[in-house]
Amino acid sequence: MSIASQQQSDPLAAIRRRLRVPPVVVIFLSLLFCFVTTAFFTIFMISKGIIPDLYWILRSGQYILDHGRLPTTDIFSWSMADKPVLLYQWLFMVLTAAGERLLGMHGLLLLTAAVSIGIYFVVPLLGAVPRRVPASFVIALGGIGLAIITVNIALRPMIATSAMLLVQYVVIQRWRRGRLRLWRAAVLTGVTYLLWTNLHNGVALGFASLLFFAVGDLAERLRLYPFDPADPDIEGRPQPLRPYLLLAAAAGLASLVNPYGLGTFAHLVDYSSTKYLVDIINETQSPDFHFPQFVMFLIVASGIVAAMPRATRAIAAADLLHLVVFTAATFTVLRMVVWAVLFFVLILPRVMHHCWTANAADGVGLAGAVRRASVASRWGAAIASAGVLCTLAIWLLTAMPVLADRCEDVHEAIAAYARQQRPGDRLFTTALVGSCALALDRPPRVFLDSRFDFYGEAFSKQVFETEALMPGWRELLDQWRIDTAIVERSQSLAQALVVDPEFTIVFADETAVVARRIAPSTVSDNRQ
């Protein structure tokens, strides 16, 4: 048979020839993709990894290191100086302060970037995703995942929850695959929760993830979800309910080993049930799809929908629960995007592998063509696709918007106040100014900062209404005998202070003003 006849009888021959890529090109493209993705994420973290919350986290950690104990009352505000304080993430505060002393702020940001890259990129590539899954799938999703999480990632305790979710997922999957004994899994689970409950209140998500594993395996054992993976070698076996009860018991008991016991969880329930406090925080609202990161999230999430026709051959029940619940939660509470993306990176490469394997076995689609081609061809096609996605991610990453306010907006005003700070000042601060003022070498006592769960609904609401010039705003300034105020110009209060005859403006720029009361308030009050 002539070559022309072979080409006519095999229409996929031209595709296979085009897909053949020398191994050296595959290696080069893989390394280039890894380098560019991680480099841009690192640059992003250095430039935008500091948010106002960092300063009270850092100062709290410094206090604990210096005094060898947790503070019992607030050390930052004068408005709530006698109120008991609950530092449920004290361990993260200590680690942050220790890291800053050892590495400096720049080094600490680099470390945070490295940890994030490890969680979302390196660990999945090195084994959290089974190595039978093509590395190109993991690399592509890991790189895109790093781009997406820039919308709400920073040097903050939520990265600890990402790390702990990753550890728990790997431990349970290794146990389900028969590579880890149950008692060892229970010990590792206990240690994980012991750390987790002192690092971040996201420990509640760990219990949810554990529940998804138990319910998913139960559904498979009862054949309510007949999971028949295309490549069973990369999946574990569904486990009985009793071992999960042991793991849950280990997690529950370990999570109580914290300075506040059940008080940590009571605080979380109380705060989460206070609708006003939840509504005033940007990251607890629904996502804004004008942000390119959320557009990318939506595109990746659509892959879950695309896999649904082959769900029982591609996605284990527990994994499906993780994907659906965390994705749905992100559409309601945008901060969940950081953890939803983690499960995208851990699960979707396996889903792609199963779909690819099933199509190749059936000889359908591009997967069938590439399956019959060389290994270099498969890698070349995957890396080429990843390169297109990488280009998009890099283009977006150079101008990625973020949700959090930045201290740069009020830095000059705070610095101007610091130059004329008086020991007895009764300083009014907005949440942004109060948090950013703690960055000063000698920070003042503030009126309010971004710890809304500490200040509570009533006080926070009163301050916000004052900033918006709602009825009663003047009474708050007089009752608290405010003599100095630092307010962003975006607040109506700033414009009122500029024209108020009782105040004089001692500093003003395009973003904030510093006002001092000309004469002390004559309103008597028992607040000291």
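**View 1. Surface and overall make-up of the predicted model.** The protein exposes about 23,300 Å². Carbon and sulfur atoms supply 63% of that area. The model is predicted. It holds 24 helices and 4 strands. Of its 528 residues, 55% count as buried. Among contacts with a separation of 6 or more, 75% are between residues 24 or more positions apart.

**View 2. Helix H7, residues 158-176.** H7 has 19 residues. From first C-alpha to last it reaches 27 Å, close to the 27 Å expected at 1.5 Å a residue. In H7, 16 of the 19 residues are buried, so the helix is largely enclosed by the rest of the structure. Gly 178 follows H7. The phi of Gly 178 is positive, near 80 degrees.

**View 3. The disulfide between Cys 407 and Cys 436.** A search of the whole structure finds 1 disulfide. Its S to S distance, Cys 407 to Cys 436, is 2.0 Å. The torsion about this S-S bond is about -85 degrees, so the disulfide is left-handed. Cys 407 sits in the loop between helix H18 (375-397) and helix H19 (411-419). Cys 436 belongs to helix H20 (residues 431-437). The pair therefore ties together parts that are 29 residues apart in sequence. Both Cys 407 and Cys 436 are buried.

**View 4. The setting of Cys 355.** Is Cys 355 buried or exposed? The relative accessible area of Cys 355 is 17%. Buried means under 20%, so Cys 355 is buried.

Terms used. Residues numbered from 1 in each chain as written. Predicted model: local features only at pLDDT ≥ 70, side-chain atom pairs only at ≥ 80, totals over all residues. Heavy atoms only, no water. Helix = DSSP H or I, 4+ residues; strand = E, 2+ residues; numbered from the N terminus. Buried < 20%, exposed > 50% of the residue type's maximum accessible area, 1.4 Å probe, protein only. Contact = heavy atoms within 4.5 Å. Areas by Shrake-Rupley, 256 points an atom, 1.4 Å probe, with all protein chains shown as cover. Expected span 1.5 Å × (residues − 1). Disulfide = S-S within 2.5 Å.
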